[in-house]
Amino acid sequence: MKADIHPTYYPNAIVNCSCGKSYTTGSTKRELHVEICKDCHPFFTGEQRIVDTEGRVERFNRRFRMGGR
């Protein structure tokens with residue numbers, strides 16, 4: 001095995017979320033920036049944001065409508 005080929009491991013790397021929270025974890029980078037974390041993810045917060053800009057149900061019905069039935 002080659003010596004000195006592995007990246008430096010930082011056991012106290014800081015993870016910064018766009019919501020303003022920060023966490024400490026281990027990583028090969030000193031600082032990480034994420035857009036979503038467990039405090040702002042809809043699955044964990046219980047919020048459900050459904051964005052239906054195109055009207056997917058209507059589009060589905062229009063596409064698969066039986067010919068006049």
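1. Contacts along the chain. Residues 24 or more positions apart account for 0% of the contacts in the chain with a separation of 6 or more, where a contact means heavy atoms within 4.5 Å. This is a predicted model, in which local features need pLDDT of at least 70 and side-chain atom pairs count only at pLDDT 80 or more, while totals for chains, interfaces and linings use all residues. Residues are numbered from 1 along each chain as its sequence is written, and side-chain values use heavy atoms, with hydrogens and water left out.

2. Overall make-up. The chain has 2 helices and 3 strands, arranged along the sequence in the pattern β-β-β-α-α. Helices (H or I, at least four residues) and strands (E, at least two) are DSSP runs, numbered from the N terminus.

3. Burial and surface. Of the 69 residues of the chain, 10% count as buried. Buried means under 20% relative accessible area, exposed over 50%, and partly exposed in between (1.4 Å probe, protein chains only). The chain exposes about 6700 Å², and carbon and sulfur atoms supply 51% of that area. Accessible areas come from the Shrake-Rupley method with a 1.4 Å probe; for residues, only the protein chains shown count as cover.

4. The sheet. The 3 strands form an open sheet in the order S2-S1-S3, with mixed pairing. Strand S2 (22-27) and strand S3 (31-34) stand at the edges, each with a single partner strand, so one side of each has no neighbour in the sheet. From one strand to the next, the twist averages 35 degrees. For such angles, axes are lines fitted to C-alpha atoms (for helices over the stretch in contact), and angles run from 0 to 180 degrees between N-to-C directions. Two strands count as paired if DSSP finds at least two bridges between them.

5. S1 with S2. Strands S1 and S2 pair in the antiparallel sense over 5 bridges. They form a hairpin with 4 residues between them, and Gly20 in the turn has a positive phi of about 110 degrees. Val15 has Tyr23 as its bridge partner in S2, and Ile14 has Thr24 as its bridge partner in S2.

6. S1 with S3. The pairing of S1 and S3 is parallel, over 4 bridges. Here the bridge partner of Ile14 in S3 is Glu31. Asn16 stands opposite His33 in S3. Ile14 therefore has a bridge partner in S2 as well as in S3, given that S2 and S3 each stand at an edge with a single partner strand.

7. Ser27. This residue lies in strand S2 and is buried, with a relative accessible area of 14%. The side chain of Ser27 reaches the backbone nitrogen of Lys29 at 3.2 Å. A polar contact is a pair of N or O atoms within 3.5 Å; within protein, one must be able to donate a hydrogen and the other to accept it, and residues adjacent in sequence count only if both atoms are side-chain atoms. Leaving aside neighbours within four places in sequence, Ser27 is in contact with Thr8, Tyr9, Tyr10, Ala13 and Leu32.

8. The segment before S1. Asp4 is found in the segment before strand S1 (10-17). Asp4 has a positive phi of about 60 degrees although it is not a glycine, and at 80% relative accessibility Asp4 counts as exposed. His6 is also in the segment before S1, and at 59% relative accessibility His6 counts as exposed. The C-alpha atoms of His6 and Thr28, 22 residues apart along the chain, are separated by 9.5 Å.

9. Cysteines. A disulfide is a covalent bond between the sulfur atoms of two cysteines; the criterion used here is a pair of cysteine sulfur atoms within 2.5 Å. A search of the whole structure finds 0 disulfides. Cys17 is in no disulfide, and the nearest cysteine sulfur, that of Cys37, is 3.5 Å away. Cys17 is buried, with a relative accessible area of 9%. Cys19 is likewise in no disulfide, its nearest cysteine sulfur being that of Cys17, 3.5 Å away. At 40% relative accessibility, Cys19 counts as partly exposed.

10. Thr45. This residue has its place in helix H1 (residues 42-45). Thr45 counts as partly exposed, at 33% relative accessibility. With neighbours within four places in sequence left aside, Thr45 is in contact with Lys38, Asp39 and Cys40.
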